[in-house]
Every structure is written in C-alpha cells, then in structure tokens.
Amino acid sequence: MEMVAAAATKDAKRNGGAPEWRVTVPEGASVTVEHERCLAARAWACLVSCVVALGAKVSGSGKRLWKIGADDPRRAVHGLKVGLALSLVSVFYYTRPLYEGVGGNAMWAIMTVVVVFEYTVGGCVYKGFNRAAATVSAGAIALGVHWVAVHAGGELEPFIRSGSVFLLASIATFSRFIPTVKARFDYGVTIFILTYSLVAVSGYRVEALLAMAQSRVCTIAIGIFMCLAVCVLVCPVWAGQELHRLTARNMDKLAGAVEACVEDYFADQPADGKRPPSDKAEGYKCVLNSKATEDSQANLARWEPAHGRFGFRHPYEQYKSVGAAMRHCAYCVEALSGCARSEIQAPDHVKRRLAGGCASVAARCALVLREASISVAAMTTSWALDLAVAEMNTAVQELQSDLRALPSKLVEEESPAAVLDAVQLFTVTSLLIEVSTRIESVVDAVDTLASLAGFRSSDVEKDEASETETKVKQPAASDPDSDEPEKKHIEQV
C-alpha cells in the first residue's frame, strides 16, 4: 500500500498536482482512469439524448397537428375566424373615439367573443341568443330589485338584495335539471345567474347602476354581432349540413361493415386460428359512437337560419330517429363481427353450404344501405331503393329455406354430430337475417325523413336536368325576318 501511495504521489507531482491513479494488474499492464473526463462525456451524452428525444416529441406533435388540419381544413379556418373576430372587436378598445363611446366596458365585448364564438353557425347563434336574452332579462330584474331595495330603506336593502340573489339563483339552478331547459337554454341559465349576481351585488356600491348596465349590454351586443357576422359570412359551417353528411356517411360505413363481416367469416381460416378484423368490418363502431354528436348537432341545427335546401322547419329531429335505427342494426353487426373473430368456428365444408346464400344477403343488405345513403345525401327519392329492398327480401327468403333444409341434409349425409358443429353457422345466418330486418327499419326512417323534408324525386330532377341541357345545346332557331333590317342597312351603305 505504501508503494502504491508513493507512486500516486510521484505521478501527481509530475502532472503538476493533478491526481492520477494507476492500478497494476497481474500481467504487469496499467490502466488509467480519469474521473473528470468520464463525467463530462456522460453529461454530454445525456444532453444529446435529451435534445434528440425533445426533437422527436416536437416532430411527432407537429405531424399530429398537421394531420388534424389536413383531415378537415375548416378547423384551421375556424382558428383564423376567431382571431379575426377578436381583432375586429379589439378596435373598440384601442381606438379612442370608440373607446369613449363604450367606456371601460369595452372589455366585455372581447369576453363575449371568446365565450360565444363556436365552430358551427348553430352553436354561435345558440350561445349568442342565450347570452343576449339572459343578460337583458337578468339586468332588467336586477334593476327592478335595485329600485325596490333603494325605496325600502337602508336597513332592509342588504337583506332584499341577498334574498333575491338566493331565490333567483336557486330557481335558475333547479331549472337546469328540466330536460328541455338543459338541452336548449343551459348556457343562458348560467349567464343569467352570473349577470344577475354581478348587477345585484355591484348595485349596492355603484350609484350610476343604470348607466353601467346599459353600457355593458351595448358592449355585449357588439361582441355578439361580431361573432355572428364573422361566423356566417366567412366560410360558414352549418350544423344541419354536418348532421346530414354524418347520417349518410354512417350508412355507407354500416353497409361496408355488413359485407366485410360476412366475408371475414367465410374466408379461409388462418393457421393460428386468429383473424384480425378488417378496417371495413369496424365501420359499425362509428355508428355506435355517433349518438352524442347527432344529438348535439340536431340541437344546434334548430337555431340556424334557412340555408340551401334546409328550411326553418327542417325535420332535424328525424335524423336522430334514423341514427337510432342504424344503431339498432349496428348492434347485430357487432355480434356478427364477434362470430367472425371467434376462435371456435364451424368446419369449412359445412360453411360452404350456406356461403353463397349469406354472401348474397349481405350484398343485398349493403346495396339497400348504400341506396338509402345516396337518397339522404342527394335529398331525393328513387324507385331504386324500393327495388333493392325487394331483392333483399327475396334473398333472405332463399337463405331461410336453405337454413331449414340444412340440418336434415347434415344428418343424412354425415352424422347427427355434424349438426352440433354447425351451431355457430346457424347463429351467423340468423344474425344476418335479423340485420336485414333491422335494415328495413332504417329504410322506413329514411322514408319518413324524405316525406317530412320534402325530398324530390330523382326522376323529376333527371328530367329537369335533361331539359336544361337540351335548351343549352339547342341552337337558336333562325328567324328570316330578323335579317331584313341588316340587309337594308347594308344596301343603304
């Protein structure tokens, strides 16, 4: 140990005082360990890894944001619209003449834009109307209570104000549990409680209460007007149209799911016995998960003004009935998809006995749903939908007859045990027949929607389009008398 310490001391003197440790191994070689350099290298490696990880996270977040904007560019436009509305309403705060006109309450206009502006026109009108109605009504009631409290005397004034706040806030809060109020005026009730409480409480210390209330109402009206102007005039997004397109898309996805589930079930079984579901087979999930969106859009669409083929009394509630019928069908498709992914399957030679009939019924069901989707998307009625329903019913009857005859054939040709092996096949076939029955309910809901919304016949539209095209292409008939004045003019010249 003394020799090692002496060697370390000598090495330290040679290196100018820097400690350096030398360990002697049995073979006689030496290994030098420099602690400071190792720590610096580790620190740099840790820093580089942190920078790389941060860059990867930023890149991943950027890609996700780009995908969100690329999927629906209207989302990016919505952000620009909010910025435009805030910029326009901020003029009342930055410009002195406008600021002196509305006073220090100009900030209420900015707050109104922030809380009222929504993605759809219906949402913006809904919040704007609720905020305006709640502000005016709460302000009027608060001014009335203020007058009563002032004339009641200084001793009773605090009790009247506090009691009115307690009573009205309790009643308004309870009204939010009423389904109609909850669906249409929930936001307005919240603003009513807020506005009344602010005006009633501040009126105890503020002398010019009427002037303050008038100024705030004016600035809130300015904010609501800016929201509606930008939302309606700049790339408007209509909740009614969104609900209409969602219903048509869900029909297409449900049609693809029915076909894909039947194809997956009758396809060749993989070696491991596990078949992952295809993307089309998962389309029924969009139908099952769309109830909240349908209810929200139907509620907001009722607040929208007439636009395009959507009038003031367009039957938006019927879209909810169509969606409910599709979900009722999607539950059966979900069970069908579970059978297709099950590890316990019927023998392939047994499946082949009903494969053709099931494929035919699935194709006819998908055709009916697609025809209904086309009818809803184009807002037209067509005889092709009735024809598709008739073909579907014919295919179902043929499948039912094959299903009734299958057990006896299996007993005769194979054995009674073969009937037990085909139990899952019977289940799948029964589910497919049930799907066709529920699709008829979807068609009935679509027919009701067509009658309430006044869908036009596709044949009439085709005739009008052909007549218009003929008039455009038809050359103008030459009138012999029309050339005479021109000829006379030429002769005179």
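Here are some notes on this predicted model, point by point.

1. **Ground rules.** Because this is a predicted model, local features need pLDDT of at least 70 and side-chain atom pairs count only at pLDDT 80 or more, while totals for chains, interfaces and linings use all residues. Residues are numbered from 1 along each chain as its sequence is written, and side-chain values use heavy atoms, with hydrogens and water left out.

2. **The overall picture.** You're looking at a chain with 20 helices and 4 strands; these are DSSP runs numbered from the N terminus, helices being H or I with at least four residues and strands E with at least two. Of its 493 residues, 37% are buried. Here buried means under 20% relative accessible area, exposed means over 50%, and partly exposed is in between (1.4 Å probe, protein chains only).

3. **The core.** A nonpolar core is a set of buried Ala, Val, Leu, Ile, Met, Phe, Trp, Tyr and Cys residues joined through side-chain atoms within 4.5 Å. The largest one holds 108 residues, and Val 368 and Ile 439 are among those touching the most other members. Helix α18 (residues 423-453) gives the most to this core, with 15 residues.

4. **Zooming in on Val 368.** Which residues does Val 368 contact, leaving aside neighbours within four places in sequence? They are Leu 385, Ala 388, Val 389, Met 392, Ile 439 and Val 443. Contact here means heavy atoms within 4.5 Å.

5. **Gln 424.** Helix α18 also contains Gln 424. Is Gln 424 buried or exposed? With a relative accessible area of 14%, Gln 424 is buried. Not counting residues up to four places away in sequence, Gln 424 touches Tyr 265, Cys 339, Ser 342, Ile 344, Gln 345 and Ala 346.

6. **Cysteines.** How many disulfides are there? The count comes to 0, using the rule that a disulfide is a pair of cysteine sulfur atoms within 2.5 Å. For Cys 50, the nearest cysteine sulfur is that of Cys 46, 4.2 Å away. Cys 50 is partly exposed at 46% relative accessible area, and Cys 286 is partly exposed too, at 34%.

7. **A nonpolar patch outside.** Trp 44, Leu 47, Val 48, Val 51 and Val 52 form a nonpolar patch on the surface, with about 530 Å² of accessible area together. Val 52 sits in helix α2 (residues 35-71) and is exposed at 56%. Accessible areas come from the Shrake-Rupley method with a 1.4 Å probe; for residues, only the protein chains shown count as cover.

Key: Patch = residues over 30% accessible without salt bridge, like charges linked within 9 Å, V, L, I, M, F, W, Y side chains within 5 Å. Salt bridge = Lys/Arg side-chain N within 4 Å of Asp/Glu carboxyl O.
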